[in-house]
Number of protein chains: 4
Amino acid sequence: MEELLEQLLEECRSYTQNGHLASYIPELAKADPNDFGVYILNSDGKHACAGDFGKCFTIQSIIKPILLLLALMDNGVDAVRSRVGVEATGKPFDAINVTDQSLLSDHINPMVNMGAIALCNLVKGNDYNEKFNRLLSLTRTLACNPKIDINESVYHSEKQTGNKNRALAYMLKSYGMITDEVEDVLDLYFKACSISVNSKDLAYIGFALSNRGKIADGYKRIFSYDYAHYVNAILMTCGMYDGSGDFAINVGVPAKSGVGGGIMAIVPTRMGIGIYSPGLDDKGNSVAGIKLLERLSNALFLSIF
Amino acid sequence: MEELLEQLLEECRSYTQNGHLASYIPELAKADPNDFGVYILNSDGKHACAGDFGKCFTIQSIIKPILLLLALMDNGVDAVRSRVGVEATGKPFDAINVTDQSLLSDHINPMVNMGAIALCNLVKGNDYNEKFNRLLSLTRTLACNPKIDINESVYHSEKQTGNKNRALAYMLKSYGMITDEVEDVLDLYFKACSISVNSKDLAYIGFALSNRGKIADGYKRIFSYDYAHYVNAILMTCGMYDGSGDFAINVGVPAKSGVGGGIMAIVPTRMGIGIYSPGLDDKGNSVAGIKLLERLSNALFLSIF
Amino acid sequence: MEELLEQLLEECRSYTQNGHLASYIPELAKADPNDFGVYILNSDGKHACAGDFGKCFTIQSIIKPILLLLALMDNGVDAVRSRVGVEATGKPFDAINVTDQSLLSDHINPMVNMGAIALCNLVKGNDYNEKFNRLLSLTRTLACNPKIDINESVYHSEKQTGNKNRALAYMLKSYGMITDEVEDVLDLYFKACSISVNSKDLAYIGFALSNRGKIADGYKRIFSYDYAHYVNAILMTCGMYDGSGDFAINVGVPAKSGVGGGIMAIVPTRMGIGIYSPGLDDKGNSVAGIKLLERLSNALFLSIF
Amino acid sequence: MEELLEQLLEECRSYTQNGHLASYIPELAKADPNDFGVYILNSDGKHACAGDFGKCFTIQSIIKPILLLLALMDNGVDAVRSRVGVEATGKPFDAINVTDQSLLSDHINPMVNMGAIALCNLVKGNDYNEKFNRLLSLTRTLACNPKIDINESVYHSEKQTGNKNRALAYMLKSYGMITDEVEDVLDLYFKACSISVNSKDLAYIGFALSNRGKIADGYKRIFSYDYAHYVNAILMTCGMYDGSGDFAINVGVPAKSGVGGGIMAIVPTRMGIGIYSPGLDDKGNSVAGIKLLERLSNALFLSIF
């Protein structure tokens with residue numbers, strides 16, 4: 001399998017030059033567009049990797065499924081479902097899906113910023129420090145990597161420049177969809193997006209979701225079957241922003257991308273996949289990452305359809 | 001299995017009273033809300049059924065995946081993809097996803113009326129009679145039932161009252177997204193929606209999609225693997241209108257509903273399922289049908305997530 | 001005054017080259033972009049004119065205020081107001097102001113196509129021939145010009161290519177907002193838009209509106225004070241499409257433009273103005289026509305604000 | 001005239017019971033729904049009044065035209081026009097007129113909150129204290145009332161609960177449409193809305209606009225003719241929210257309403273009118289106030305159309 005990965009990486013390498021780096025904060029624009037790595041963790045515990053799979057980047061939107069998972073673990077399906085909708089929006093990640101009507105929970109989705117910010121308010125904890133620490137801790141547990149931590153400079157940049165997210169949060173606040181202080185909620189969100197991971201970490205996290213709740217370390221059950229169904233289903237319909245439809249056709253597995261350049265893919269019952277290549281397409285998805293996944297899906301019959 | 005089906009049918013029977021019958025044409029309002037049937041065709045050729053599985057109803061929107069399949073078979077993936085988008089719209093089935101901008105192919109989707117009408121134009125044939133006959137013939141082949149035919153009175157009712165569909169079709173025409181005569185294209189669409197099927201037929205059609213191109217009759221390959229991926233992926237993200245997200249979480253398989261009261265579900269590699277119960281929820285999906293599928297999915301671990 | 005008009009015409013002549021001719025039907029694209037004319041009819045009966053004021057062009061959207069007037073004369077204020085809304089849409093002339101909600105009368109406006117088509121259904125007459133003849137007759141009466149007639153080739157072109165208008169009409173039909181046959185209603189609409197007028201005609205029609213119901217010929221009262229208020233107020237807020245706000249600031253009088261290149265302006269109690277210059281801006285308004293009106297308004301203190 | 005006012009007030013008094021008090025902050029809900037007053041200041045300096053014309057209330061959105069005026073006086077027409085659009089939005093006062101597209105200056109309007117907040121950033125001053133003092137000072141000058149000041153408790157309530165306005169401001173910030181600190185800009189906006197006035201004050205302010213720049217006190221010119229045209233034109237098309245179209249037809253003069261229950265109406269060249277009645281309709285306009293203006297307009301032929 002390692003050979004296959006090496007070969008596909010070379011075939012797709014030219015695509016790393018087709019994207020553009022996220023530039024809304026200076027830290028992200030410093031990424032090296034030539035970095036390209038992949039890591040696969042199989043259900044039998046075997047792994048395969050190629051390229052810069054150990055290179056770190058910020059998790060960005062890939063924290064959203066983990067945030068959703070924690071919200072589910074803390075509140076159960078019904079409480080989460082009643083506060084944050086699940087339909088695809090057909091809109092970009094930072095869209096405001098409101099015109100003149102009231103904002104309803106059904107207008108938001110855990111995989112777009114507004115929904116993810118609403119989820120932050122649902123994480124349990126005495127204060128927002130504890131809430132963040134619980135999210136970080138879950139991330140480490142899923143990734144079987146206790147060293148995962150946040151990238152402080154990205155965090156501070158996000159916090160300084162995140163005015164559109166502030167707008168979204170105050171919108172939620174004005175409709176009673178977040179009850180805590182907006183800046184506290186946002187601080188958790190900005191920290192969460194700034195967690196630094198590598199392709200291997202994403203493969204491990206994806207593995208736990210593909211394994212429906214059991215992590216790679218000792219196959220311990222961390223969360224219930226139902227929550228995996230919830231998260232994976234949402235990723236299938238909305239994980240790749242307004243590129244989710246094409247991705248479902250061409251790759252056919254639940255996945256989540258982040259503007260840091262990462263993609264986490266979940267092949268239910270079979271494997272977790274982590275990819276890194278920071279050049280993004282217009283929708284905010286890693287260009288070379290998607291190309292690699294398309295070929296991998298064809299080669300290994302990954303599509304669940 | 002038959003026992004399980006009987007039991008689930010009884011458990012869900014009360015839900016048949018919770019929906020409302022489609023009423024936009026008199027024919028549909030004549031349905032008997034007490035009818036409730038299910039048919040499952042397994043990949044090993046065995047079947048199970050319960051209730052009114054032989055009761056006929058009009059296929060309505062469940063023709064959309066077949067229409068998409070025929071368009072793919074006639075034109076290939078690229079030609080279809082370039083003419084009709086694939087992203088979820090997050091909107092009801094008859095929404096006009098246009099405001100002041102131009103209408104683009106990315107604004108339409110094969111599972112909402114506008115996209116399906118655009119697909120009609122892509123079906124091959126010397127005239128619209130031939131086009132319809134080819135669609136009917138494909139439907140019969142997939143269902144392994146040469147007796148399938150249209151319900152003439154529904155067809156005439158649809159044709160007379162289908163002014164919103166006319167609006168959608170003229171919109172497509174004005175943007176060059178259909179090139180043939182609007183009334184010809186619509187006639188095909190109205191006929192297609194009026195095809196009369198029963199739960200068993202839907203199970204057989206779903207079987208061919210779950211079997212990725214091979215029909216139940218002799219396991220003959222009718223269409224390619226890729227087209228099954230395409231259709232099933234689209235059904236996963238948009239098959240149940242703006243209830244697709246909840247359905248993905250709670251049932252977890254590609255499916256398509258119609259306002260006639262049918263649901264066709266596809267469990268990739270495992271089975272095709274057909275259900276009939278004409279009471280609909282606000283989104284146009286069979287209430288009891290969804291409840292039955294939720295329980296069936298739990299009982300048989302059908303979710304692909 | 002004639003000297004002033006001559007001078008302003010020369011000052012604005014270069015703007016005639018800045019616009020583009022309407023091209024959706026071949027007939028309109030045949031206009032001569034160098035044509036530029038203006039006609040003013042004062043409340044004291046005196047007139048002034050300059051340039052190609054006798055040149056004929058199709059009235060296009062400038063028929064909308066006349067259609068509204070006839071609907072008011074035939075049905076009264078309340079019946080018209082309850083069927084067609086009056087708020088500015090902030091949208092282009094052919095926008096569909098619907099997303100997933102129901103279409104309501106408040107979503108349409110007499111000065112955008114959808115509202116104007118709905119008005120056609122409100123004109124009295126035994127059949128659509130009679131309805132059109134009554135509209136033509138009113139136009140002739142207002143313009144004090146019995147020779148006004150339709151441009152047959154524009155009419156036939158409009159009818160053949162008017163698919164977006166067909167879409168709008170079927171949308172109205174599907175919501176019960178027109179009750180007659182769609183093609184009959186559209187035929188009236190296409191004929192109405194194809195009426196051929198010149199700048200002098202527009203000045204006379206505007207005069208009747210500025211004079212609140214009395215036409216230039218013998219100061220006969222043709223319609224009531226109230227209807228002039230209704231029509232002029234609507235023109236002020238929506239007469240120049242999504243350029244109405246700028247026009248209100250820079251010119252400050254009710255006016256209506258058409259893609260044929262005409263503008264009819266109404267200076268309440270003072271004058272009617274007709275202008276022709278077929279080069280249009282992106283919003284469908286005559287470029288040189290607006291420039292001329294801005295200077296005229298400054299020179300003669302026309303703004304009602 | 002005073003007699004007429006008394007009579008109309010009595011005729012319309014029952015409408016004071018048809019509205020609802022603004023309730024988003026407790027202070028506004030404390031208003032007395034029976035209060036009803038009117039004050040008219042004529043161009044000849046004579047005045048007429050009736051009812052509770054001296055009763056104070058917060059100016060709320062009626063500060064918007066004054067804010068626009070100050071922005072024009074500080075920056076000129078071109079700078080203001082390039083930063084804040086002028087088309088009617090057809091939307092409620094707090095609508096977010098953005099979906100997935102970029103926010104453009106043309107999407108905002110000085111009479112809806114988003115546009116007004118953008119205007120705050122354009123007011124000149126070394127700091128936001130000075131900016132507010134300049135706005136307050138202009139308000140006093142226009143009203144010829146040096147005692148006008150803010151209602152501190154309304155200001156603090158607005159500031160605490162104004163999360164939707166915060167959302168709008170951060171949206172503007174994220175698109176570079178405000179450059180100062182969001183909380184500073186909002187503080188000015190909240191203070192501005194909390195200025196306490198009575199019907200007489202509004203009549204005086206309206207007088208200056210009707211008089212195109214000359215205030216009642218000594219007929220001193222305070223601002224140029226052009227700015228009056230700008231402000232009055234905007235009020236005509238958008239001053240009464242999504243009730244502007246009906247108001248243009250039924251009353252026919254530029255006006256601005258506020259959720260505090262006030263209406264300021266401007267009859268160009270003739271008079272300024274101030275009205276107070278705190279019961280609001282669904283669009284946020286004073287119910288009895290509009291009724292009174294309709295009758296006043298009929299009685300005195302106020303419509304400019």
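Which residue takes a positive phi in the hairpin of β1(A) and β2(A)? In this hairpin, which has 4 residues between the strands, A:Gly45 takes a positive phi near 90 degrees. The model is predicted: local features need pLDDT of at least 70, side-chain atom pairs count only at pLDDT 80 or more, and totals for chains, interfaces and linings use all residues. Residues are numbered from 1 along each chain as its sequence is written, while chains are lettered from A and ligands numbered from 1 in the order in which they are written.

Chain A has 12 helices and 8 strands; helices (H or I, at least four residues) and strands (E, at least two) are DSSP runs, numbered from the N terminus. The radius of gyration of chain A, taken over C-alpha atoms, is 18 Å, close to the 19 Å that the globule rule gives for 305 residues, so chain A is as compact as a globular protein of that length. The globule rule is 2.2 Å times the number of residues to the power 0.38. Along the principal axes, the C-alpha atoms of chain A fill a box of roughly 55 × 40 × 35 Å. Of the 305 residues, 62% count as buried. A residue is buried if 20 or more other C-beta atoms lie within 10 Å of its own, exposed if 12 or fewer, and partly exposed in between, with C-beta atoms placed from the backbone. Two residues are in contact if their C-beta atoms, placed from the backbone, lie within 7 Å. Among contacts in chain A between residues at least 6 apart in sequence, 69% join residues at least 24 apart.

The strands β1 (residues 37–42) and β2 (residues 47–51) of chain A run antiparallel and are joined by 5 bridges; two strands pair if DSSP finds at least two bridges between them. A:Gly37 has A:Gly51 in β2(A) as its bridge partner.

An automatic or database domain assignment is the source of the domain bounds. Chain A is divided into domain 1 (2–60 + 197–300) and domain 2 (61–195), and the C-alpha centres of these domains of chain A lie 20 Å apart. Their contact takes 38 residues from domain 1 and 35 residues from domain 2. On the side of domain 1 that touches domain 2, α2 (26–29), α9 (199–210), α10 (225–238), β6 (255–257) and β7 (262–267) of chain A each supply at least two residues. The largest share of that side, 8 residues, comes from α10(A). Its residues divide into 22 nonpolar, 9 polar and 7 charged. Here Ala, Val, Leu, Ile, Met, Phe, Trp, Tyr, Cys and Pro count as nonpolar, Asp, Glu, Lys and Arg as charged, and the others, Gly among them, as polar.

Chain C is superposed on chain D by a rotation of 180 degrees with 0.0 Å of shift along its axis (RMSD 0.0 Å), which is the relation of a two-fold axis. The C-alpha of C:Thr237 is the nearest to the axis in chain C, 2.5 Å from it. Superposition is by least squares on the C-alpha atoms of residues with pLDDT of at least 70 in both copies. The contact takes 25 residues from chain C and 25 residues from chain D. In chain C, α10 (225–238) and α11 (244–250) each supply at least two residues of the side that touches chain D, and the largest share, 8 residues, comes from α10(C).
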